[in-house]
Amino acid sequence: MKIGNIMKAAAREGLRACTRIAPDNMFEPFLERDIQQPVHRRFESMVRRNPDKLAVACEEISYTYDELNRMSNRLAYAIRNQTTFHEDMTQPLSALLFPHSAEMAAGILGTLKAGTAYVPLDASYPEGRLRAILEDACVDVLVTVGALYRYAEALTAGSKRRISIIDMSSLDPNLPEENLPLEVDPEKWAYILYTSGSTGRPKGVVQNHRNVLHHCRVYTNALHIHGHDRLSLFSSYGFDAAKMDIYGALLNGATLYPFEIKSGLYQLPQWLKKEEITIYHSIPTVYRYFLDELEKDPEGQSSFPSLRLVVLGGEAVLRRDVERYQRLLPDHCLLVNGLGPTESTLTLQYFMNKETTLRREAAPVGFAVDKTEVLLLDDHDREAPVYGSGEIVYKSDHLAVGYLNNPERTHEAFTVDPLTGEGRVYRSGDLGRLLPDGNIEYAGRLDSQVKVSGFRIELPEIEGMMDRCAGIGKSVVVAQQDSVGDNQLIAYYTALDGEALDEAVLVRQLKRNVPDYMIPRLFFHVDRLPLTGTGKIDRKTLAMMDTAELLPQREFLPPVNPIERTLADIWASILDSREVGLRDNFFVLGGNSLRAVVLVSRILQELKVKLPLGEVFRHATLEEMARAVASILTVSPAEIEPVEERDVYPQSQAQQRIFFLHQMDPNSTAYNLFAGVAIHAPV
C-alpha cells in the first residue's frame with residue numbers, strides 16, 4: 001500500500017495502537033502474474049479444476065462450471081459469426097440485455113470469449129436512454145434471451161447502424177462448445193459501464209481485461225475468497241458493484257447466488273441461511289432492512305454459521321449500523337466498508353469486528369488497497385493534514401481507460417500526479433478527511449453529484465431534462481436526507497406562465513429520458529429561485545428548506561377499521577412516524593421504492609395479502625391503500641389466506657420501473673408501473 005508522506009506518518013502512528021483486522025481462513029492467493037491474461041482464460045482455468053461444481057445458482061436455472069463454459073462458448077461462436085472484426089484492430093462492442101439470472105453470466109463470458117467488450121443494458125431504463133447508449137457505444141451485436149427479444153428488436157429499430165440480435169435461448173445447436181482458440185490481449189476492453197453524466201447524457205466508463213483481473217485479485221486476497229465460498233448478488237450486472245460479486249465468484253471457483261429483491265426483504269434472512277451464503281454484499285440501505293427483519297426474530301439471531309463477511313458500499317456506513325452488526329450477527333463474521341467509484345472500481349477498504357469501536361458517527365472508508373495510492377489534495381493540490389479535508393485522488397496503473405467517445409471529460413478526470421509529475425491519477429470529486437491512524441473518512445462531494453440508494457447521480461443531468469419539459473422555466477434539484485439518513489431528490493422550478501404544472505404530466509415527460517431512480521420524489525413550484533451574492537442559484541438554501549412547510553396541510557383523520565389501523569401501524573414502523581392519518585401519503589411521509597417493497601412484505605406477513613407493488617404507487621394514501629387491500633380480501637382478516645398476485649400490469653413499452661428496484665431485478669414485470677403514476681411517488 002502506497003500513501004502520501006503525511007498519510008504515511010499518520011498510519012505509522014495509528015498502527016502502533018491497533019492491529020489490522022482481516023479474514024484468517026485459508027485460501028489460494030490470486031497472484032499478480034495471473035492478471036496478464038484475458039478474463040475468460042482465468043475462468044477457463046476454474047472450469048478445468050471444477051467442471052461439475054455449481055457456478056451460478058438461481059431458482060429457475062443453475063449452471064455448473066462446465067455447463068456455463070459450454071454455453072458461453074456457443075454464444076462466442078455465434079457472436080463471431082455475426083460480427084465484423086476489422087483489420088485496423090478496432091474492437092467490436094456487444095450490448096447485453098439480460099434478466100437477473102444465470103444466463104446473464106453466460107452472456108458476459110460469451111462476449112469476452114468472442115473478443116468483444118460488452119455494454120450491459122438495464123431493461124428498466126427508458127427506451128430513449130437505452131437507444132442513446134446504443135448509439136454512443138456503436139455496438140455491433142445485441143445479445144439477449146427469451147422474453148426480452150422483442151424489446152431488443154424495439155430498441156434497435158430505426159438505428160443508424162445495423163445491429164444484429166442474438167437470442168441466447170435459441171442458438172444454433174450445431175455451434176461448437178469448445179473454448180475458442182482466440183488470443184485476446186489483456187489490454188483490450190472488457191466492458192463499458194454507463195453512469196450518470198453532468199452534461200445531460202450518460203457517460204461510458206471503459207475498463208480493460210487486465211484491470212478487471214487486478215481488481216478481482218485485490219478483492220479475492222483481501223476477503224480470502226476460496227472455492228467453497230457462496231457470494232450473494234443483489235445488484236444488476238450493469239452496476240460496478242456487481243462486478244466484484246460476479247468475478248469474485250467465477251474467477252475463484254466459488255458459487256454466485258443472484259437474489260431477486262421482489263421475493264421480499266423479509267425473506268432475506270431465510271434465504272441467506274438456506275443457501276449458506278458466506279459473503280454478503282449490498283448497499284447499507286438493504287443491509288439495514290435485512291437487520292430489521294433479523295431483529296424481529298430473536299431465535300434467528302446469530303444463526304448464520306456460514307456467513308463470514310458482510311461487505312457494504314455505495315452509501316455511508318453509520319455507527320449504529322456497526323453496533324447492530326456487533327449485536328445481531330455471529331462472532332466469526334467481519335464487517336467491511338469500502339469505497340470505489342466506477343472509474344477505479346476498488347480502492348479503499350475498512351475491516352471491522354466485534355471489538356471495533358467507532359468514535360465518529362460514520363465508519364471510515366478505510367485504507368488504500370494493494371497497488372493503489374490515495375492522495376487527499378486541497379484546492380492548491382497540497383496534501384491535507386491529519387483531520388484535514390481534501391479531494392480523494394486515486395493513483396494506480398489500473399484506473400479505467402477513460403470515458404467512451406469523450407476525450408475532453410477523460411482529460412479532466414484522469415490527469416498526471418500533481419505531486420510528482422509522474423503517473424496517472426483519477427480525480428474523484430469525493431471529499432475525504434484523514435484520520436490519525438491513516439484511515440480516510442468520507443466527507444461529501446466537491447460538485448453536485450449525489451448518491452441515492454447507492455446510485456451515483458449528477459443533479460445537472462436531471463435539471464437538464466426538467467428544463468426541456470413543456471412549461472418549465474428553470475429548475476434545480478437537490479438531495480435532502482430523511483429521518484433515517486437516506487437521500488431523497490427534491491425539485492424546485494419556475495414556470496413559464498407563472499402557474500404550477502400538473503406534476504403527473506411532468507413526471508411522464510421525465511420518464512421518457514431518465515431512469516426512475518433519477519425522478520424527484522417531490523416537485524415544488526416557486527416564483528423565483530434563491531440566489532447567492534454572486535448571482536448563482538443558492539443550492540444550500542434549497543437543500544435546507546423544510547419541505548413539510550411547503551406541502552398543503554390536510555385535516556388529520558384517524559384510521560378507523562382494523563385494516564386501516566394495521567396499515568397505519570406498519571407505515572409508522574417503516575417511516576419512523578408517530579402518527580399516520582387516512583389522508584397521509586406514503587411517499588410524502590418519506591417512503592421510497594425500497595420501503596414500498598418492505599411495506600408489501602409486511603402486509604403479506606400481517607394481513608396475509610399479496611398486494612401488488614404497483615398498487616402502493618397507485619393508491620399512495622392510507623385510505624386508498626386500505627380500500628385496495630380490502631378489495632383483495634374475501635374473508636375476515638383473522639381467516640385470510642395468501643392470495644396470488646394478480647397480473648394487472650401487462651408488458652408494454654409504456655410501463656416503467658420503480659426507482660431502485662431496477663438495480664436488483666431489471667426485468668420483473670411485478671415492479672413496473674404505468675406512466676401515469678401518483679404525483680408524489682418516487683416512481
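Let me start with what covers helix 2. The cover over its buried residues includes helix 3, helix 4 (102-113), helix 7 and helix 8 (240-250). Helix 2 itself runs over residues 39-49, and nine of its 11 residues are buried, so the rest of the structure largely encloses it. The buried ones are Val39, His40, Arg41, Arg42, Phe43, Glu44, Ser45, Met46 and Val47. Keep in mind throughout that this is a predicted model.

Next, the core. The largest nonpolar core holds 70 residues, and those with the most contacts inside it are Leu68, Ile108, Ile246, Tyr247 and Leu250. Which helix gives this core its largest share? That is helix 3, residues 65-82, with eight residues. Take Leu68 as an example. Once neighbours within four places in sequence are set aside, Leu68 is in contact with Phe43, Ala55, Val56, Tyr63, Ala102, Ala105, Ala106, Leu109 and Leu250. Of these, Phe43 is one of the buried residues of helix 2. Apart from this core lies another, of 66 residues, with Ile261, Phe304, Ala628 and Ile632 among them.

I mentioned helix 7 as part of the cover over helix 2. His214 has its place in helix 7. Is His214 buried or exposed? Its relative accessibility is 1%, so His214 counts as buried. Leaving out neighbours within four places in sequence, the contacts of His214 are Ile35, Asp370, Lys371 and His398.

Now to helix 18, residues 593-607. Helix 18 has 15 residues and spans 20 Å from its first C-alpha to its last, close to the 21 Å expected at 1.5 Å a residue. Why call helix 18 largely enclosed by the rest of the structure? Because 13 of its 15 residues are buried. After helix 18 comes Lys608, with a positive phi near 60°.

On to charges. Side chains of opposite charge can pair when their charged atoms come close. A search of the whole structure finds 34 salt bridges.

Glu135 is partly exposed, at a relative accessible area of 47%, while Lys160, at 78% relative accessibility, counts as exposed.

Then there is Asp229 with Arg308, where the closest N and O atoms are 2.7 Å apart. Asp229 counts as buried, at 0% relative accessibility. Arg308 counts as buried at 13%.

The remaining pair is Lys354 with Asp331, and here the closest N and O atoms are 3.3 Å apart. Lys354 lies in the loop between strand 15 (348-352) and strand 16 (367-368), and Asp331 in the loop between helix 11 (319-328) and strand 14 (334-339), 23 residues apart. Lys354 is buried, with a relative accessible area of 15%, whereas Asp331 counts as exposed at 65% relative accessibility. As for the network, salt bridges with shared partners join Asp292, Glu295, Arg324 and Arg327.

Some totals. The protein has 21 helices and 29 strands. Of its 683 residues, 61% count as buried. Among contacts with a separation of 6 or more, 70% are between residues 24 or more positions apart. The accessible surface is about 27800 Å², and 49% of that belongs to carbon and sulfur atoms.

Last, confidence. The mean pLDDT is 84, and 86% of residues reach 70 or more. Residues 11-19 have pLDDT below 50, and that stretch has seven contacts in the model beyond near neighbours in sequence. Residues 635-683 are also below 50, and this stretch has 164 such contacts. Where pLDDT is low, the predicted coordinates should not be read in detail.

Technical notes:
Residues numbered from 1 in each chain as written. Predicted model: local features only at pLDDT ≥ 70, side-chain atom pairs only at ≥ 80, totals over all residues. Heavy atoms only, no water. Helix = DSSP H or I, 4+ residues; strand = E, 2+ residues; numbered from the N terminus. Expected span 1.5 Å × (residues − 1). Buried < 20%, exposed > 50% of the residue type's maximum accessible area, 1.4 Å probe, protein only. Contact = heavy atoms within 4.5 Å. Areas by Shrake-Rupley, 256 points an atom, 1.4 Å probe, with all protein chains shown as cover. Core = buried A, V, L, I, M, F, W, Y, C linked by side-chain atoms within 4.5 Å. Salt bridge = Lys/Arg side-chain N within 4 Å of Asp/Glu carboxyl O. pLDDT = per-residue confidence, 0-100.
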